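Please look over the sequence and the structure shown below before reading on.

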Amino acid sequence: MPTHLSPLQLDELARELDAVRQRVVDDLGEEDRAYIYRVIKAQRGFEVAGRALMYLPPAWILGVGALSISKILDNMEIGHNVMHGQYDWMRDPALNSKMFEWDNVCPSEQWRYSHNYRHHTYTNVLDEDRDIGYGILRMDESQKWNPYYLGNPVYAFALMVFFEWGVMMHDLEFERIVAGERTWGETRGIRRQMWHKGVKQVVKDYVLFPALTGPLFVPTVAGNVIANLVRNVWAYNIIFCGHFPSGTVTFSREEIQNESRGHWYYRQMLGSANITGSKLFHILSGNLSHQIEHHLFPDLPARRYPQIAPEIRAICEKYGLPYNTGRLSKQVGSVVAKIFRLALPGRTSPEPAPSSVSPRELAAAA
Amino acid sequence: MTAASKRFSPLGLAEALATPHAVDRYLELIHPMLTVRELRAAVIDVRRSPSSVTLTLRPTRQWRGFAAGQFVRVSVRIDGRLHTRCYSPAGSDRATGIELTIRAHDGGLVSQYLYANARPGMTIGLSAAEGTFVLPAPRPSRVLLISGGSGITPVMSMLRTLCDEGYAGEVAFLHYARDEGPYLDELRALAVRPNVTVRVRHPARHGYFGVAHLRAVAPWFADAETFVCGPPALMAAVREVVGSERLHTEEFTLGGSARGDAGGAITFTRSGVTADNSGATLLEQAEAAGLTPEHGCRMGICFSCVQVKTAGCTRNVRTGETDSDPDHEIQLCISVPVGDVALDI
C-alpha cells in the first residue's frame with residue numbers, strides 16, 4: 001500500500017503524534033493510579049461475589065455473571081493493559097509489565113512476545129504479524145487460498161469458543177511446524193510454561209473452587225466453564241474488531257523496509273478500527289474499542305485513549321487518513337462477512353466502510 | 001502440580017485459589033497492613049525538627065528485626081509513583097518499633113515528601129534489613145563510633161543497642177554536626193554512663209576531623225573497632241588516622257567522584273533513544289534522556305536499577321573497576337560510561 005503522504009508529511013505526522021503522547025506522559029500521576037486500582041477493586045469484588053454466589057443455587061446465574069465480568073476486567077482493562085507497560089511508570093511491582101500474570105491460561109511472558117512485540121511492531125504486516133488469521137484463518141485476500149480455508153467459518157467459531165486456549169497455543173506456531181519451518185522439539189520450553197500456567201488455572205476453576213462448594217460441585221464447574229466461555233466470546237469479538245473490519249489495510253514486508261516513525265504511525269492508523277459505545281462498554285473492552293489510539297500509543301494508560309481520541313481523529317482528517325470506527329454490531333458484521341467471503345478463493349475487494357475512505361482512493365485523488 | 005497438592009497448608013490453598021494473583025493483592029484491598037507475604041509498615045509516630053523528621057514504624061509480622069547499623073529500603077507513593085530509598089534505623093535493635101530519622105535535604109524528593117506529609121496511620125513499603133555495617137559478636141572490648149550529619153543514624157543505633165545490652169566495654173562517640181540534630185540531647189544524656197564518652201563537634205567552631213579530636217574522646221582508639229558513617233571526606237580522614245584493619249564504614253552518599261569522562265554516545269536500545277555521554281552515571285543520563293528506569297537507593301546498595309549492558313565499557317564509580325563484557329548486568333546508579341555504551345532499556 002504506497003502512501004499518498006510524502007516523507008516530509010510523515011515526519012510532520014510523527015511530530016504531531018509524539019507531541020500528543022508527550023503531553024499525556026507529562027500528565028501521568030495519582031489519578032491514573034487511582035483509576036486502575038478502582039478497576040482492580042471492582043474486578044476483585046466481582047470475583048469474590050461470583051465465587052461466593054455459587055454456594056447459593058438460586059443465585060447461580062448471578063454468580064456466573066459476576067465471575068464473567070471479573071474475568072473480562074482482569075484480562076482486558078487490567079491484564080492486557082498492564083502487560084503493555086501502561087503502568088510501569090508507577091514502579092509498583094504489583095502492576096509491572098514484566099511481573100504481571102492474568103487470569104487466563106496463556107502465560108504472560110509468551111503473550112508479551114507475540115502480542116507486544118510481534119503484533120504491535122509489525123501490525124498488519126503479512127507473514128510478520130501472526131495476528132492476521134492467527135495461523136489458522138484466512139483474514140486477508142493476500143493470504144493465498146487453498147481448500148483448507150473452506151472451513152474458515154468453522155475454525156473461527158472454534159477459536160471464539162476456545163479463545164483463551166487458542167491464545168495460549170498461538171506461540172507454538174502450528175502452521176510453521178506443519179510447514180517444516182519449526183520443529184516440535186523447539187517448542188519444549190514454551191510448552192512447559194503453558195503446562196505450568198494451564199494446570200494452575202484448570203485446578204483453580206475446575207477442581208478447587210467446585211470442591212469447596214461440596215455437593216454443588218457440578219453446578220460450580222458448569223458456572224466456571226460458562227464464565228470462561230463468556231470471557232472467550234467477548235474477548236474474541238472485541239479483538240477481531242480491532243484489525244479485521246472492512247476498511248482496515250494490510251501491508252507487505254517490502255513496504256516496511258527502513259520504515260520511518262511517521263510511516264509506522266500511519267500503518268497503525270490504517271490497520272486499526274475503533275468501536276463506538278458507552279463508557280462502561282469501553283472499560284469492558286479494555287479500551288480496545290479505541291484500537292487506533294491504542295496502536296499509536298500502546299504504553300499509555302488506556303483510560304487516556306478516549307481523552308485523546310478527538311485529537312487523533314482531527315489529525316487523521318488533517319492528513320486525509322481514514323479513522324475507521326463504528327458500532328459493535330456493524331464492525332462484528334463486517335468481520336463475519338469477511339470470514340465467510342475469504343473461505344472462498346478470489347480476491348474480490350470488500351465494500352469500503354462508509355465512515356472511512358480507502359487510502360487507494362485518496363492516493364488516486366492526490 | 002500445584003503447591004496445594006504437595007502438602008496441605010491453608011496458605012497454599014489460598015494461593016492456589018487466588019492464582020495467578022498473590023493473596024496479598026486481595027487482602028490489601030481490605031486493609032493495607034493485612035498481608036501474608038509482603039512486608040510493610042505503618043507509621044505510628046511522627047516527630048519533626050527544623051531539618052528532619054523522625055518516624056516510628058510498626059512493621060507487619062513478616063519483619064525479622066535488624067542488627068544495629070543495618071539499613072532498610074522504604075517505599076512511598078508520590079503522585080502515583082513508588083519511590084524507594086535506603087535508611088538506617090536509629091533505634092536500639094532491641095526496641096519494638098523501627099525508628100527512622102530522615103533529613104529533609106534540598107532536592108530530596110522522598111525526604112521532602114516524608115518531612116511534609118508523614119502522619120500516623122500512613123502505610124509504607126519496607127524491606128528486610130540488609131547490610132554488613134554491624135557490631136561484631138561477641139562485642140569487642142572498645143568501640144569507637146564516628147558520624148557526620150545524617151550519618152548519625154546507624155551509629156546511634158549501635159550506641160543505643162550497646163547501652164541496652166549493658167555493654168561493659170568502653171564506647172566513644174564522636175559526631176560532627178552543622179546544627180542541632182535530633183539526637184544530640186540524648187547523646188549528652190547517655191554520656192553520664194561511666195563507660196561512654198561523647199563529643200559533638202561543630203566544624204565551623206572546632207574544625208574538621210583530626211587526630212586531636214580523636215585523642216580527646218578515645219586515646220585508646222588504636223585498639224578499638226571503629227565504625228564511621230558520614231560524608232566521604234570524613235570517612236577518608238578517619239581512614240587516614242585509624243587505618244583500614246579495624247575500620248567499618250557505611251557510605252550514605254556517593255560524594256563528588258561519581259562522574260566519568262564525557263565523550264561517546266549511549267544507546268538505550270529498547271527505547272530507541274541515543275544520547276551523548278555527559279559523563280554522569282548511566283541512571284542520571286537515562287533520566288536526562290527522558291527514560292524512567294527502575295531504581296532505588298541511587299548509591300549502589302539496593303540493586304533495583306540493575307540492567308543489561310549489551311555493549312561497551314562502563315566504570316563502577318565506587319570500586320573504580322571497569323567492565324567491558326557484553327550482555328553483562330550492571331548497576332546503573334553507580335556506573336559511568338567509558339566511551340560508547342549500549343543498554344537494554
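Of the contacts in chain A with a separation of 6 or more, what percentage is accounted for by residues 24 or more positions apart? In this predicted model, such residues account for 70% of those contacts.

**Chain A as a whole**

Chain A is built with 15 helices and two strands. Its radius of gyration is 21 Å, close to the 21 Å that the globule rule gives for 366 residues, so chain A is as compact as a globular protein of that length.

**Where the two chains meet**

In the contact between the chains, 21 residues of chain A take part together with 15 residues of chain B. On the side of chain A that touches chain B, the helices α2 (30-53) and α8 (188-212) of chain A each supply at least two residues, and α8(A) gives the most, with six residues. Sorted by kind, the residues on this side of chain A divide into nine nonpolar, one polar and eleven charged.

**Domains and cores**

The domain assignment of chain B gives domain 1 (39-126), domain 2 (142-253) and domain 3 (257-343). Taken over C-alpha atoms, the centres of domain 2 of chain B and domain 3 of chain B are separated by 35 Å.

The largest nonpolar core has 52 residues, and the members that touch the most others are L144(B), L145(B), V155(B), M158(B), L159(B), V171(B) and V238(B). Several elements of chain B each supply at least two residues of this core, including the strands β7 (142-148) and β8 (170-176) and the helices α5 (152-165) and α9 (232-242). The helix α5(B) gives the most to this core, with six residues. The core also draws at least three residues from each of domain 1 (39-126) and domain 2 (142-253) of chain B.

Which residues does L145(B) touch, not counting residues up to four places away in sequence? They are V155(B), M158(B), L159(B), V171(B), A172(B), F173(B) and F227(B).

**Backbone details**

| Cis peptide bond | Omega |
|---|---|
| T19(B) to P20(B) | near 10° |
| A137(B) to P138(B) | about -5° |

P20(B) has its place in the loop between α2 (10-18) and α3 (23-30) of chain B, while P138(B) is in the loop between β6 (123-126) and β7 of chain B.

In chain A, N124(A) has a positive phi of about 60° although it is not a glycine, and Y134(A), which is not a glycine either, has a positive phi of about 50°. N124(A) is found in the loop between α4 (108-121) and α5 (152-161) of chain A, and Y134(A) is likewise placed in the loop between α4 and α5 of chain A.

Is N124(A) buried or exposed? It has 24 other C-beta atoms within 10 Å, and a residue is buried if 20 or more lie within that distance, so N124(A) is buried. Y134(A), with 19 C-beta neighbours inside 10 Å, counts as partly exposed, because a residue must have 20 or more such neighbours to be buried and 12 or fewer to be exposed.

How values were computed:
Residues numbered from 1 in each chain as written. Chains lettered and ligands numbered in written order. Predicted model: local features only at pLDDT ≥ 70, side-chain atom pairs only at ≥ 80, totals over all residues. Core = buried A, V, L, I, M, F, W, Y, C linked by C-beta atoms within 7 Å. Helix = DSSP H or I, 4+ residues; strand = E, 2+ residues; numbered from the N terminus. Domains from an automatic or database assignment. Contact = placed C-beta atoms within 7 Å. Nonpolar A, V, L, I, M, F, W, Y, C, P; charged D, E, K, R; others polar. Rg over C-alpha atoms; globule rule 2.2 N^0.38 Å.
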